[in-house]
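Me: Please show the sequence and the structure, and then let us go through the contact between two of the chains by question and answer.

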Amino acid sequence: MSHHRIALEAVGFTYPDGTAALADVSLEVTHGESVAIVGANGAGKSTLLLHLNGVLLATRGRVVVGDLPVTKDTLPHVRRTVGTVFQDPDDQLFMPTVFDDVAFGPLNLGMPEAECRDRVQACLEQVGAWHLRNRPPHRLSGGEKRRVAIAAVLAMSPDILLLDEPSTGLDPRGRRQVIELLRGFTHTKIVVTHDLDLVLRLCPRTVILSEGRVAADGPSKRLLADAALLERCGLEGPPEALVCPRCGDGSRL
Amino acid sequence: MHMADALLSPEVGGAMWLATGATIAVASRKLKRDTDHRHIPLMGVVGAFVFAAQMVNFTIPGTGSSGHFAGGMLLAILLGPHAAFLSMASVLVVQGLFFADGGLLAMGANIFNMGFLPCYIVYPLLYRPLAGGRADPGRRRVAAWLGAVMALQLGALGVVLETRASGIAELPLFAFLAAMQPIHLAIGIVEGLITVAVIEFVTRAEPGMLAALPPAAAPSVPGFPKRALAGLAILAVVVGGFISWLASAHPDGLEWSIARLTGEAELSAPQDGPHGLAARIQESVAFLPDYAFPAAGTAETTAQEDSGGWIAPDAGTTVSGLLGGGLTLLIAGFAGWALRRRPSSPASPTS
Amino acid sequence: MNGPHAAFDLGTLDRLSQGTSPIHQLDPRAKLLVTLAFVVAVVSLDKYAVADLLPFFLFPVLILARSGVPFRFVARKVAVVAPFAILVGVFNPLFDQAIVLRIGEFGVTGGWLSFASILLRFALTIGALLLLVATTSVPALGRAAERLGAPSVFVMQILGLYRYLFLLVGESQRTLRAYRLRAADGGRPAWRIFAQILGQLLLRAVARARRVHEAMLCRGFDGELRLMGTLRFAGRDWTFLALWLAAFIALRFLRPAEMLGALVTGGAQ
């Protein structure tokens, strides 16, 4: 019995306006895995992500987090287990100071103040942002915002981390720092992204979505080197994934 | 159209804060009872939108001048009265802080003029009945336009009445009205057009949006507080009116009420002891003793009635008063210079 | 940006409020209450009060000195917002022409005196307000208001507005710049275009609010605002509060200007 497991069983979802975003998705991620979910715009990535943290509830099939299916009643459990780092940190950092923002989750979980203070400090130190604690979020750089958003999620001590485009809008150094930070985490990680280079650095396994279905699911190196598959799914491989044609073992050119 | 502390008497400012504070409390309780909390971030972000919109000037056609958007009516239509009022109130608070629009005391009056009036007077009494059901977009358009015009007219009227009730400015009521109302009619007409156009734009771009707004935010006539709020408004007007009448009868309301509280009028204060000494000192050196400034025109009659009581100010005292004031200013300046923080003091990052 | 607040760049006040001076470090509640008491004391003076207003400058001057907020900054901001008060007050000399004060040959009318009083009041109240904001961040003020009894829904509203203010102002500035680059006259937009720009901004704002709500839900939001109790009312806050309240009462009722004036002119009457 592990909380770190997350599974989708024949999940389908149609928006109230009739747009079918997910047709039939089955997927299982187990303890400690780091999985990338990639796909062209409109493939259903974001919708899928919102199912994993219970913001959307499947219209068909079911999502299981740990041992419990995601329903209205199990949402508190789901949200404690699954931590989501949203694409735009400005959406996620809604409190007026960094400290308040990181404390928001733990306080909602009913954590006593003294403990919460320690937790906030530990999480901010973990992402190297303790010195920013009194700043308002609009006075942070893109990379700082991202790291604080990650700390805010860590403060809920989730077992599973969901990351939506963690490298968007970052300069090369900020991007490298975030990737290094994420590599250090032992959580089960699910990363939704267009950044295929990040996938290669962070996620051994990749799931490719296309038109609301799983088009491929396997080792990142193999999938991202499969030009025909990528082409079919509307993707373009990263230069790093170009495999040496002679040895074919995925070593970079 | 911001009221300013400098034009406000404490009685009027206090009465307006009372009315505004009570409304904030009622609206907050109303929203808190709602189990759907989508409106909380919505009010914040849409409030920020109104704030940003107010910073842009637009041209008023035909006049060559410019005005800026107020947004009270638009918010009321989009979010419903309670959420719109709180959103508007927070915009005015932050604006009051960042732009120094008006001041701390005037904030109550400003929230009343630009938040309370559109959300709790114009919206339920004019917009709702006029707009009717959702079926007729033409009627809704007219209602939204008229609502925005009326909201601005009432707001300007509020400024005029509050200023007059305070009695600091001498501008006669009708001259003030003649200056304020037409300007705000011109701005209001454009404000109304913009309000209608924005609602049209939003409903056309995303037809589902207005419907998808959370229940608390969906347009609705305020339920229970209607009567309570009407009562509150009347109370505020009565209290404000009464207090300002008192204030005008007794130029210094604070002193008057203290005298009442302690049960002794200034004149019957004991003539000896520290109090008597203070009174004597005040009597002898008071700049404009007892504010003996008869309004223009009534000067002679008052002076006759209160023969001796209203001493024509003696030039020596008043000049000495100004001199003393200037001296205190110098002292304050010197103290500030002596106590100033050296620019070189370490400005460590936030601790 | 060509709005009425063009001279105010939001950022400066916000940056100043992040300072570390002794005034910045005071509890926001103490500063809020003292400023409020100051404003009430100032506006409660008689409409012709001029001399009695001058000693009140002690408060802004000392705060200015101890906080390190630049004087020129505050003075400029006060001047920028003054027009309305001046416009309304300037009629006083016209309507109140009773001569109330003689300085040598010159007779000063009540109207001029009350107009001067309005200007002084304005400088004092707005100056004090600006100093409060320049030494206390909006989040701290919100927290103070909450502890002083303001409804948490409303405080949350102010904090949320403050959080997204800078973002949306930036968004609207970019949209306007894009408009001006393509507009024929390059000036301020006509109302019809302005309405379209607003509509677009509003749509984006609503979409953002939806995403923010999702993010809040994911961190256990249930409608209750829970703020960590980081405020501590220490000895120096009590001292600050008590001393200034006493000073305002003294300035208001003892009228040091008169006393000092009487002293230096050898007593009058």
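**The interface of chain A and chain C**

Reply: Across the interface of chain A and chain C, the rule finds seven salt bridges, a salt bridge being a side-chain nitrogen of Lys or Arg within 4 Å of a carboxyl oxygen of Asp or Glu. This is a predicted model, in which local features need pLDDT of at least 70 and side-chain atom pairs count only at pLDDT 80 or more, whereas totals for chains, interfaces and linings use all residues. Residues are numbered from 1 along each chain as its sequence is written, chains are lettered from A and ligands numbered from 1 in the order in which they are written, and side-chain values use heavy atoms, with hydrogens and water left out.

Me: Which residue of chain C forms a salt bridge with A:Asp90?

Reply: The closest N and O atoms of this salt bridge are 2.8 Å apart. The partner of A:Asp90 is C:Arg163.

Me: How many residues does the contact take from chain C?

Reply: Contact here means heavy atoms within 4.5 Å. On the side of chain A the contact takes 35 residues. From chain C, the number is 31 residues.

Me: About how much area do chain A and chain C bury between them?

Reply: Buried area is the accessible area (1.4 Å probe) that two parts lose on being put together, summed over both. Of this area, 57% lies on carbon and sulfur atoms. In chain A, the residues that lose the most area to chain C are A:Asp91, A:Phe94 and A:His138, together 21% of what that side buries. The area that chain A and chain C bury between them is about 3000 Å².
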